[in-house]
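Me: I am new to this structure and would like a short walk through it. Could we begin with the terms and then take a few places in turn?

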Amino acid sequence: MDGWMDYYLSNYRLQPNFLLVNQGDGSFRDEAAARGNLQGYNWQGYYGHTIGSAWADIDNDLDFDLLVGNFAHPWGLWYQDKIMLMRNDGAESEYTFTDIFASSGIKYCETVFCPAFADYDNDGWQDVFISSVYDGRQPFMYHSVGDGASFENVNYETGFHGICYNSYGVSWCDYDHDGDLDAAIGNGGLFENTTWHSYNWAQFVLHGVSETVNKFAFGSKAFVYCGDRHYLRQVEGGSGAESCQNAATLHFGLGEAQVIDSLVIDWIGGGEERYYDLAVNTRYEVTEGEGILSAPDELEHAAAPIEFGLAAVYPNPFNSEVRIDYVLSVAGRVQLKVYDLSGRLVMDLMDRMDAAGRHSLAWKAEGMPTGVYFLRLEAGEQVATKKIAMVK
């Protein structure tokens, strides 16, 4: 939690795993043993057949816990590591880990392949799907019971009993934008989430724009606070096995919360930004340094704007007409200009007085050649820019 990305490396063939801790100077140090047997248990020199591992804050204490998916044959259990569920004991323990697998309700499976966490019912607790390879071996869906340490098998309830045998990598994504997470399972298929629940949710898509924050915000963290409940998610670049990657959209199940009291974005390589009193059941776009707005397909349901900026430009790329949404934090004169890649002013789109709030205009770019342009929004000393592309 020091702002430098660390790395857990799962190893197969009874080899130890590595927890490579970023030293902040371009180097890494293996601290798997020092932080609580994260390398495995070393039975006479043997460890586990680890294939996929996954990070998640399973107990909602705002640090990352780890499930290590060890493939372990029954005839070799005396020396082969089984699944490890490593609870992060936090800052007070200097971020060391305790294995709580034995009491977690997650059961031994010989052919564990890939775990993937997701709060599939939006109750505010991270659940986990664990795939299982080999013909005739079915996967396991585990539901968090809500104590931060225990899970129950819900294969029957979720429809996974008797299907997805010999499955490989797993990824989660709300592909149909209905507010719950769906599953893509290697050698299994794409599964729409149709479980019934009445809980609320929120989603955040992060966009880095500065020189030190990557465009997709990989590694950036989001903290959500709702009453006495708090949640942590991170934009992942990959997890598990077989080149899996969950959606970069950060999904939060919020239980019965009716409002998000506050959201904190910790930009990897950048600063920290805070937003307050956000509506639930909304997908938000958060652009570094430019503010937060509900996503373009939900703009008509958005809460009041929070910060100045160019909220959305769509479609982008565009052919002949583009819609431009912008937000003013205070009333005043506002100008919108178009520049080409060389920095030459090519058009003044707008120069007028506007009230504080959300505004929109349509630009019919007739006669403009194909190319990349920059929109520049100016209001007093406030300036926002956004790149657009015209393709004919």
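Reply: Let us begin with accessibility: a residue is buried under 20% relative accessible area, exposed over 50% and partly exposed in between, using a 1.4 Å probe and protein chains only. The model is predicted, so local features need pLDDT of at least 70 and side-chain atom pairs count only at pLDDT 80 or more, while totals for chains, interfaces and linings use all residues. Residues are numbered from 1 along each chain as its sequence is written, and side-chain values use heavy atoms, with hydrogens and water left out.

Me: Is Arg29 buried or partly exposed?

Reply: Arg29 has a relative accessible area of 47%, so Arg29 is partly exposed.

Me: Which residue does Arg29 form a salt bridge with?

Reply: Arg29 forms a salt bridge with Glu31, and their closest N and O atoms are 2.9 Å apart. The term salt bridge stands for a side-chain nitrogen of Lys or Arg within 4 Å of a carboxyl oxygen of Asp or Glu. Glu31 counts as buried because its relative accessibility is 9%. Arg35 also forms a salt bridge with Glu31, with the closest N and O atoms 2.6 Å apart.

Me: How many salt bridges does the count come to?

Reply: The count comes to twelve salt bridges by this rule. One of them joins the side chains of Arg137 and Glu110, at 3.0 Å from N to O. This pair links distant parts of the chain, 27 residues apart: Arg137 is in the loop between β9 (127-132) and β10 (140-144), and Glu110 is in the loop between β7 and β8 (112-118). Arg137 is partly exposed because its relative accessible area is 29%, and Glu110 is buried because its own value is 14%.

Me: New topic, then. In what order do the four strands of the open sheet stand?

Reply: The order is β4-β5-β6-β7, and the pairing is antiparallel. The edges are β4 (49-56) and β7 (97-99), each with a single partner strand, so one side of each is left without a neighbour in the sheet. Two strands pair if DSSP finds at least two bridges between them.

Me: How many bridges join β4 to β5?

Reply: Six bridges join β4 to β5, which run antiparallel. Trp55 stands opposite Leu66 in β5. On its pairing with β6 (residues 84-88), β5 (residues 65-71) is again antiparallel, over three bridges. There, Val68 has Met84 in β6 as its bridge partner.

Me: How many residues of β5 are buried?

Reply: Seven of the seven residues of β5 are buried, and the strand is mostly covered. Asp65, Leu67, Gly69 and Phe71 point one way from β5, while Leu66, Val68 and Asn70 point the other way. In a regular strand, side chains alternate between the two faces of the sheet.

Me: Let me change topic again. Where is Glu288 found?

Reply: Glu288 is found in the loop between β21 (282-287) and β22 (291-294). Glu288 is buried yet has no salt bridge, and the nearest side chain of opposite charge, Lys386, is 12 Å away. For charge, Lys and Arg count as positive and Asp and Glu as negative, while His and the chain ends are not counted.

Me: What does Glu288 touch?

Reply: Not counting residues up to four places away in sequence, Glu288 touches several residues, including His207, Val213 and Trp267. Contact here means heavy atoms within 4.5 Å.

Me: And where does Glu290 lie?

Reply: Glu290 lies in the loop between β21 and β22, and it counts as buried because its relative accessibility is 16%. Glu290 and Thr385 are 95 residues apart in sequence and 9.3 Å apart in space, C-alpha to C-alpha. Not counting residues up to four places away in sequence, the residues that Glu290 touches include Phe308, Thr385 and Lys386.

Terms used: Helix = DSSP H or I, 4+ residues; strand = E, 2+ residues; numbered from the N terminus.
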